[in-house]
Amino acid sequence: MAASEFRVQATLGLDDAADERWDVMVIGAGPAGALAARQSALLGARVLLVDRAAFPRAKVCGCCINGAAMEVLAQVGLGDLLRQCQARELRTVQLASRGRFARIRLSQGVSLSRDRFDAALILAAVEAGAEFLDQTPAVIGATQGEARGVHLKRLDAGSTATAKSIIVAGGLGCRVFEEAAAEQRQTARASRVGAGTILDVAPAAYEAGTIYMACHQHGYVGLVRLEDDRLDIATALDADAIKQHDGIPGLVQHILTEACLPIAAPLDQLKWHGTGRLTQRRQHVAADRCFFVGDAAGYVEPFTGEGMAWALASGRSVAPIVVGLARDNLAADAVRAWTETHRRLIIRRARLCRCVSRLLRHPSWVSITIRLLAIAPALANPVVRSLNVSFETDRPLDAATERLP
Ligand SMILES: Cc1cc2nc3c(=O)[nH]c(=O)nc-3n(C[C@H](O)[C@H](O)[C@H](O)COP(=O)(O)OP(=O)(O)OC[C@H]3O[C@@H](n4cnc5c(N)ncnc54)[C@H](O)[C@@H]3O)c2cc1C
C-alpha cells in the first residue's frame, strides 16, 4: 500500500487560521489530538487541529491497539473505524528470552499501521467539523485577555492565531512554549529510548495475529504483522547499550538472536526512527488555558502497549472540559477538572506499566516469569485483563457534555 494513499490535506490556509478566534486549538494530530479535536467539534466548538508534520508521517510505535483503546473508539461512535482500516486481529503474544518461549492468549486487540490509523482519526475530526492544518509547527505565546496567542509557521510564512483553550497533544518530549521554563517535565534517569522501523517483506516465521516480544536486559523488541502484511519492529533500548553495539540495528539484532528470534534481513539497511527518553511526565497537565493529553502529558514504556489507549482516553475526556472553558471562561475550574480527570484515567495504569518495566530490567526475573508462563500461561490473565479493562471503570469527570450555542 503506497503511503500516499493516506495523505491528509489541510482544510484551510494559514491566513484563514490566523483570522479566526478559535474556541479550541489542538497542537498535534496523533491519536490524542485528533480524537480531542473531533470530540470538541462535536460539542459545537470552532476547532483548529495543527501538526508540524505532513501525514502520513513516521511514528515509532508497536502498532498494537488494545481492548481499552477499542472501547474508547466504540464509545465515541468510531467502533467501525478499525474494521474499515482492515486492522488485523491479535490472538497471542509470544514472549522470548534466551531461547525460552511462552505464548499468552489475547482476547482483544488489533494491529494497524500508524499511517492508516492516524489518517483515519484526522479525517474523522474533519468530518466532525474541525479544521486541519498540516506542516505547521505551533508555539504557544502569551495570554491575551480570555485567549492565548499561538504562533504558526507554515512553509515560509508565519502568523499568530488565538484560541480560548489549547490542547497540547504534541507527543513525547514535545516543545510547544516560547519560554523554555514552561516546558517543565520529569525524566527518569534510567529511562530507555525508543526506535522503530517497518520491514516490507516479513519473514514467514512471524505469523499474522501474534505479537513477538524478545526480552533482554538491555531492552526489548516487539514485532507484529500489520494489516498489509509488513512487519512492524518497535523497541525500547538502553542508550549505553546502543553505543556498545554500534547503533540501534546492531543491538536489535543482538537481542533478537539471543531470544532465538533472528531476522535474516540486513537491519542496518532499513530506515530507523528514534525517540528521546521514554519515561517522562509533565509536572502539571493543565495550566493557563493549556491542557496536556496523550504522551505530551506523560509516558512510561511501550512493553504493555497502552500508549494509544491513554492517548485516546485523554483526547476524548479533555474535550468537554475545554469546550466548557470556551463557553464559561472559568479557567481555574477547567485546570482543576483536567488535573483530576487525568489522574483518575492514567495513574493506576501507569503504575502497572512501571512495575512491568522494572521487572524487565532483571534477566533472572524475566527468565523465571517466562518459565512459569510457559507452563501456566493463564497466570498472565490478570495482567492482560487489566490492560484491556475499560476506562469506564474509573469514570472521568466528563459529564459536562453541553454543546456550545
Ligand atoms: C517503541 C514504541 C512502541 C510503542 N508501541 C505501542 C503499541 O504497540 N501500542 C500502543 O498503544 N502504544 C504504543 N506506543 C505508544 C504510542 O506510540 C504513543 O503513546 C502514542 O502515539 C501517543 O499518541 P499522541 O497522540 O499522544 O502523540 P503522537 O502520536 O506522538 O502525536 C504527536 C503529534 O504532535 C506533532 N507535534 C509535536 N510537536 C508539535 C508542535 N510544536 N506543533 C505542531 N505539531 C506538533 C507531531 O508531529 C505528532 O504528529 C509505543 C511507543 C514506542 C516509543
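**Entry 1: Positive patch**

I began with the positive patch and noted that helix 9 (residues 331-359) gives the most to it, with 3 residues. The model is a predicted one, in which local features need pLDDT of at least 70 and side-chain atom pairs pLDDT 80 or more, while totals for chains, interfaces and linings use all residues. Residues are numbered from 1 along each chain as its sequence is written, and side-chain values use heavy atoms, with hydrogens and water left out.

I listed the members of this positive surface patch as R281, R351, R354 and R358. For a patch I took residues with over 30% relative accessible area and no salt bridge, like charges being joined within 9 Å and nonpolar side chains (Val, Leu, Ile, Met, Phe, Trp, Tyr) within 5 Å. Lys and Arg count as positive and Asp and Glu as negative, with His and the chain ends not counted; the place of a charge is NZ of Lys, CZ of Arg, CG of Asp or CD of Glu. Helices (H or I, at least four residues) and strands (E, at least two) are DSSP runs, numbered from the N terminus.

I then checked R351, which lies in helix 9. R351 has 49% relative accessibility and therefore counts as partly exposed. The classes are buried (under 20% relative accessible area), exposed (over 50%) and partly exposed in between, with a 1.4 Å probe and protein chains only. The areas come from the Shrake-Rupley method.

**Entry 2: Nonpolar patch**

I looked up a nonpolar surface patch and found one of about 290 Å², made by I368, L372 and L379. I placed I368 in helix 10 (residues 363-375).

**Entry 3: Salt bridges**

I recorded a count of 20 salt bridges, each being a side-chain nitrogen of Lys or Arg within 4 Å of a carboxyl oxygen of Asp or Glu.

I examined R57 and D118, whose side chains meet in a salt bridge at 2.7 Å, N to O. R57 lies in the loop between strand 2 (47-50) and strand 3 (64-65) and D118 in helix 5 (residues 114-127), so the pair ties together parts that are 61 residues apart in sequence. I noted that R57 and D118 are both buried.

D118 also forms a salt bridge with R114, with the closest N and O atoms 2.9 Å apart. These two residues are 4 residues apart in helix 5, which means a separation of about one helical turn.

For K243 and D240 I found a salt bridge at 4.0 Å, N to O. Both lie in helix 6 (residues 239-244), 3 residues apart, about one turn of the helix. K243 is exposed at 63% relative accessible area, and D240 is exposed at 53%. I then noted a network in which salt bridges that share partners join R7, D134 and R154.

**Entry 4: Buried residues**

I located T210 in strand 14 (residues 210-216). With 2% relative accessibility, T210 counts as buried. Its side chain makes a polar contact with the side chain of T92 at 2.9 Å. A polar contact is a pair of N or O atoms within 3.5 Å; within protein, one must be able to donate a hydrogen and the other to accept it, and residues adjacent in sequence count only if both atoms are side-chain atoms.

V72 and G315 are 243 residues apart in sequence, and 9.9 Å apart in space from C-alpha to C-alpha.

Terms used. Accessible areas come from the Shrake-Rupley method with a 1.4 Å probe; for residues, only the protein chains shown count as cover.
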